[in-house]
Structures are given as structure tokens and as C-alpha cells.
Amino acid sequence: RQMCIRDRIWGAGAIGGTIGAYAARAGREAVLVDVVADHVDAMNRDGLRITGPVETFSAEVTAVTPDRLEGRWDAVLLCTKALHTEDAIAAIAPHLADDGFVVSVQNGLNEFAIAAHVGEERTVGAFVNFGADYLEPGVIHFGGRGAVVVGELDGRSSERLAWLLELMRTFEPNAVATDNIWGYLWGKMGYGAMLFAGALCDESIADVLDSREARPILDRLAAEVLAVAAAEGVRPLGFNGFEPAAFGPSGDPAARAASYDAMVAHNRGSAKTHSGVWRDLAVRKRKTEVDAQFSPILARAEAHGVAVPATRRLVDTMHEVEAGRRPQAWATLMRLGEAEEAAPA
């Protein structure tokens, strides 16, 4: 039996815009909520346009700003930047049905913040690693496919999870459901620490991952995040070349090298050459998600007594780049290596 779920996509940028356009093209009702009025106007006037090497098409969608919303919904796909999660949830809550739920289709561990507002039983996890960028009002660049995984926080199967998986498969046919969504989310943060580090310079994702000079720093960052995950009792899972076990305490140099080579190959195959973090700094000249994504990790590291000096230096250095006190340069990335001597073996 197919569930009849009234849903909204909150955030029509790289992630939400891509999902919404594909859902609309597949014949689903697509209502997208976004705070950027020009983007909303363009979508309503001209449709939502997807460009890039994967596909180019326009989809007819309905778009609104949060202040124009009415009604209550069974599901909300939250696709905002992590730093906007708290504000978005506060605005979503009055519109959520009594048995409604929120799906975090974001980067980071935002499920913690969402569950704190609406309850863990009304929170569903999602992991995405496809490459996309917001280009201009009404236009999203879809640069490359990547893993898409959905899961209940407690690992169970459910009707709503089956509904969500079908929705995700409208744009990623290989999307899957998992009983270990936390494994993917923590795994993504291990990989994400590498991307944040790479954004401190002007090189591409693939070139940073391919650098023998940068790899010891990236090793340390991934290992620290994965150590916190282990303290949480989470078994991180791999995707698109990133193999968490290679960066853990029992990982060996050959396994790490193979993982790097696979990650480089995956990223060289995407038209999205730089991370969204890099775009925030270099193109959009705005604050990154560094605090929203790493604060939960730092808090849990402290609670478990796990030392994360390289991660703390990453956050501090990103703040300096955001404030214009350090440039996006190779030397800024290399500065993270100064934390390694103080880090535990």
C-alpha cells in the first residue's frame, strides 16, 4: 500500500533544488520553500532549471517564501545549510502534522538538533553525496552523481522510509535504505573534515586528495572524527571511495592509499570541482557551516574524553579565513599540520 504523504522541500538550493526538480519531473507535486525571494520568483516564473553534465532540463514547481506558507504537512525534507537548521525547524514546527516527520537531507549531524525540537520519533536521517551547486535564481548545476542513503534513526523499517526511498529514486535510481544511517552520517563527517581542510586553499577537491603533502593532515582529521564516532558506539560506513576503516586505528598505509585513489577518481569524474565550503568562501563570500557541522563533534569528543586537536585547529583556521585574517592558500591548509605533534598516536 502506497502511503499518501503531503510533503514540502524546505531549502531550494543545491540539494533541495535538485531533488525538487527531479520529483516534479517525475510527476510528484513539488512545493519548495526558500528564503531567497529572487530565487522563489524565478522558479515560479520560469520553472526550476537543472544544468550540467548529468542532465539539463526545466521543471515546473511551486515555490514560496516561509512567510507565505499555509497548512500542515506530513513530511518536510529539510535541505538548508546546517547553520540554518535551528531557524528552519522553528518555522517548520507549527506546520508539521501531529504524526508528521522531518527528514534531514543536509550535510552534518543535524538530526541531533531536529530531534531536540520535534522528537527523535519524528526525525528521519538521509545521507547524500551528489555534486550540485546553486548558480543563480532558478538555476541549479548538477555536476555529478553520488551515494544517496536514507534510514530511520533507530534502524527500523517503516512505511515512511519506503515512501522516502521512492522519492529519492526519482533523481538517484541507486538510492538505498539502511539500518545504520548514523554510520553513513559519521562517515560523511570523516570525509567532510577533509573537504573543509581542502577549502582552506584554492585547489580542487581531487587535487587536495591527491596531494602526498596534504594526506598526513587529512589522515589526522578523518581519524579524529572517526574516533569520536567509535566513542559514540557508531560503526562508520564508506561511500564513493572513502573507506573509514582505512583511517581508523587498524588501517594500514596501503588501504589508505587505495581509498585516496578511489576518492580522487570519483571527484575527477564530477563537474563539481570544488566543495560547497570553498564556494561559500571564494564565490559567495559568506560564513561556512564549520560551526554547525563540527560543534556536535567537538561536544561529543569532550564528553568522551577524545582528543581532537587537528579538528579544533581546522575550526579555528576556518574562522580566520572567514574573517579575512588568513587567505585561501596552500600555506593555510598546511598550517593544520601543526596540530599533529600534539595529537595522540
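Mentor: A helix in this predicted model is a DSSP run of H or I of at least four residues, numbered from the N terminus. Keep that in mind for the second largest pocket, where α8 gives the most to the lining, with seven residues.

Trainee: What makes α9 a helix, when its residues are 244-247?

Mentor: A run of H or I needs at least four residues. The run 244-247 meets that cut-off, so α9 counts as a helix. Both α8 (215-231) and α9 supply at least two residues of the lining of the second largest pocket.

Trainee: What is the volume of the second largest pocket, and which residues are closest to its centre?

Mentor: The volume of the second largest pocket is about 460 Å³. Of the 21 residues that line this pocket, A223, E224, F247, G248 and P249 are the closest to its centre.

Trainee: What makes a lining residue nonpolar, and how many in the second largest pocket are?

Mentor: The class follows from the residue type: Ala, Phe and Pro are among those that count as nonpolar, whereas Glu is charged and Gly is polar. By class, this lining has 15 nonpolar, two polar and four charged residues.

Trainee: How much space lies in the largest pocket, and what lines it?

Mentor: About 1100 Å³ of space lies there. The lining has 50 residues, and those closest to the centre are A14, I15, K81, N107 and E289. By class, the lining divides into 21 nonpolar, 17 polar and twelve charged residues.

Trainee: Which element gives the largest share of that lining?

Mentor: Helix α6 does, with six residues. The elements that each supply at least two residues are α1 (14-25), α3, β9 (131-136), α6 (181-198), α10 (253-268) and α11 (276-282).

Trainee: What makes β5 and β12 edge strands?

Mentor: Take the order of the open sheet of eight strands: β5-β2-β1-β6-β7-β8-β11-β12, with mixed pairing. Both β5 (62-64) and β12 (176-177) pair on one side only, and these are the edge strands.

Trainee: What is the strand order in the sheet of four strands?

Mentor: That open sheet runs β4-β3-β10-β9, again with mixed pairing. Its edge strands are β4 (57-59) and β9, each pairing on one side only. From one strand to the next, the twist averages 25°.

Trainee: How do you know that β3 and β4 pair, and in which sense?

Mentor: The test asks for at least two bridges. Strand β3 (residues 48-51) and β4 have three, so they pair, in the antiparallel sense. L48 has A59 in β4 as its bridge partner. Helix α1 packs on this sheet, touching β3, β4, β9 and β10 (139-144), and its direction makes about 80° with that of β4. Helix α2 (residues 37-46) also packs on the sheet, touching β3, β9 and β10, with its direction at about 95° to that of β3.

Trainee: What confidence does the predictor give the chain?

Mentor: The pLDDT averages 95, and 97% of the residues score at least 70. Over residues 341-345 the pLDDT is below 50, and beyond near neighbours in sequence this stretch has seven contacts in the model.

Conventions
Residues are numbered from 1 along each chain as its sequence is written. This is a predicted model: local features need pLDDT of at least 70, side-chain atom pairs count only at pLDDT 80 or more; totals for chains, interfaces and linings use all residues. Side-chain values use heavy atoms; hydrogens and water are left out. pLDDT is the predictor's confidence in each residue, from 0 to 100. Contact means heavy atoms within 4.5 Å. On a 1 Å grid over the protein atoms alone, a cavity is a set of points where a 1.4 Å probe fits but cannot get out, and a pocket is an open set with protein on both sides within 12 Å along at least five of seven lines; lining residues have an atom within 4 Å of a point. Grid points are joined across faces, edges and corners, and a volume is the space filled by probe spheres set on the points. Axes are lines fitted to C-alpha atoms, for helices over the stretch in contact, and angles run from 0 to 180 degrees between N-to-C directions.
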